[in-house]
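Biologist: I would like to learn how to read a structure like this one. Please take the features one at a time.

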Amino acid sequence: MDKLKHKKEAYRGWKQGRVAWEEYREIVQAARDHIKKAKAPIELNLARDVKANKKSFYRYVSDKRKARENAGPLQKEVGDQVTQDMENAEVLNNISASLHQEVLQPHHPSCRWQRQGKENEELPTVGDQV
């Protein structure tokens, strides 16, 4: 815990310009090494005692899982559930395209896209050469 606290303090110092990047990286590496050394005997004991105490082993393993649940099935715009991989790709592509359109469209009709000092130029569409 002391190493983690020291790491956080070093990060704050680096962000404020009081600690050099190299010094911060050394502190991070030292904290990482210390954590690895502390976890090794705990994991070794869990693995050694798995037959006697399965519950603690499986609790530890389940806590280490990154993804806890799968996302639910996707739906098309009409409301039908998607079952095929290609349909999933199409739905995700449509969502991505609509998000990009919302971001790239001007918010007001009088707004124009400005590029390299050129004003009153229309926003390029897919397929146009910029």
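Predicted model: local features only at pLDDT ≥ 70, side-chain atom pairs only at ≥ 80, totals over all residues.

Modeller: Residues are numbered from 1 along each chain as its sequence is written, and side-chain values use heavy atoms, with hydrogens and water left out.

Biologist: At what angle do the axes of helix α2 and helix α3 cross?

Modeller: Two packed helices are described by the angle between their axes and the distance between the axes. Helices are DSSP runs (H or I, at least four residues), numbered from the N terminus. Axes are lines fitted to C-alpha atoms, for helices over the stretch in contact, and angles run from 0 to 180 degrees between N-to-C directions. Here α2 (residues 21-48) and α3 (residues 54-64) cross at roughly 130°, with axes that come within 9 Å. That makes α2 oblique to α3; oblique is what remains after under 35 degrees (roughly parallel), over 145 (roughly antiparallel) and 65 to 115 (roughly perpendicular).

Biologist: Is leucine 46 buried or exposed?

Modeller: Buried means under 20% relative accessible area and exposed over 50%, with partly exposed in between (1.4 Å probe, protein chains only). Leucine 46, in helix α2, has 16%, so leucine 46 is buried. Leaving aside neighbours within four places in sequence, leucine 46 is in contact with Ser56, Phe57 and Tyr60, where contact means heavy atoms within 4.5 Å.

Biologist: Is methionine 1 buried or exposed?

Modeller: Methionine 1 lies in the segment before α1 (2-15) and is exposed, at a relative accessible area of 80%.

Methods: Helix = DSSP H or I, 4+ residues; strand = E, 2+ residues; numbered from the N terminus.
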